[in-house]
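This report describes selected local features of one structure, heading by heading. Please read it alongside the model shown here.

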Amino acid sequence: MLAFTAGRLLTPTVVVEHPLVLVEEGRVLEISPRSSWQVPAGVSVSDFGDGVMAPGYVDLHIHGSAGYDVMDDSTEALPAIERLLARHGVLSYFPTTVTAPMDTTLRALERLADAIEKREREQPHERKNADGKIRAVPLGIHLEGPFLSHARRGVHPPENLLAPKLSTFEQFWQAARGRIRMMTIAPELDGAPEVIAEAAQRGICVSLGHSDADFEAAERGIAAGARHATHTFNAMRPLDHRNPGILGAVLTDRRVSADIIADGVHLDPAIVKLVANAKGPEQTVLITDAISATGMPDGRYRLGPFEVDVRDGKCMAGGKLAGSVLTMDCAVRNLARFAEWNLQRAVAAASKNPARVARIARKGMLAVGADADFVVLSSEGEVLRTFVGGVECSR
Ligand SMILES: [Zn+2]
């Protein structure tokens, strides 16, 4: 049995001052105020001083990091990305595809399914590399495209966008061996409601995005089973006070949660605050939408099949924003600042909320029975230490 104490713990729904956390076989056995519990005999307690224990972060939208893209056909790619993610507090993630030629996407889905299955089979002690460095775990695939709007495609290549069709969706599903857990789709496209309904039925988190939908089309997508919105405001028909469009639906419909890229580039801080206020502390989700350039110097990088110029924290392709170089720990600090939220709420938007939205069990919460995957933060939200299954990992 392992025991930990710290200044504070964020479950993150509840704040526990001076917590005592007991961990057995990689799971949380007990969380209580230290004063009300005796440490079992023979168990030594790791003390994080005034540090803040918080659940490991969950990133539902990430294309790459550390010079690699999740669609790369390279055995180096995912481990490099996963090490960088873990350094920034992300311990679970959904590798996210971009729109590409059909055969490229199918091959990438097969490789990602292989990687996910391989990590599922590994024992806890194998979660570190030979060098002792921890890696985030891919839990499912986010399919971003090809069922996107030509009018709001962002940098997704127009020649590879497809109309939603059940037969095409089935091809992706088969290639990914059912590992698709999230799908971004424009609900106004012909055939979208049928594909949304089928995907939702298979347990996929269907997310509205890259969309020029009016209010009614967005609501039809929600009625069909969509429950989330992808990088809200970015690659969406703008909000108009007499023609509210998809944003009017996403911001007001209580069935829908919404994710944002809080890097200060994709959204003005005031818009981050607007989304946070509209969706509230339980339905606001942070994503990074990070690309291969994350954690690397400025220069030219790839996003799926195309090239992106990265300068001063901005990723541009053909005059459009193309993903980010944001890390999740920074997103948490930005959300707290932009929305005037405390650290607890901002942490929830990177942990509990994404885990719930994507129906990921035992992650994103520090609660009895959950995996003991946690970070120790400074009071400003910097990641100081990382633990997986209660075991410390070098970063
Ligand atoms: Zn996108």
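## Terms and basis

Helices (H or I, at least four residues) and strands (E, at least two) are DSSP runs, numbered from the N terminus. This is a predicted model, in which local features need pLDDT of at least 70 and side-chain atom pairs count only at pLDDT 80 or more, while totals for chains, interfaces and linings use all residues. Residues are numbered from 1 along each chain as its sequence is written, and side-chain values use heavy atoms, with hydrogens and water left out.

## Cis peptide bonds

The bond from Thr11 to Pro12 is cis, with omega near 10 degrees, and Pro12 lies in the loop between strand S2 (8–10) and strand S3 (15–17). Gly145 and Pro146 are also joined by a cis peptide bond, with omega about 15 degrees; Pro146 is placed in the loop between strand S13 (141–144) and helix H3 (166–175).

## Zinc site

Glu144 (OE), His210 (NE2) and His231 (NE2) coordinate the zinc ion at 2.0 to 2.2 Å, where donors are N, O and S atoms within 2.8 Å of the metal (3.2 Å for Na, K and Ca); water is not among the atoms, so sites may look incomplete. The sequence spacing of the donor residues is E-x65-H-x20-H. His210, in the loop between strand S15 (205–208) and helix H5 (215–224), and His231, in the loop between strand S16 (228–229) and helix H6 (245–252), are 21 residues apart and link distant parts of the chain.

His210 is buried, with a relative accessible area of 4% (buried means under 20%, exposed over 50%, partly exposed in between, with a 1.4 Å probe and protein chains only).
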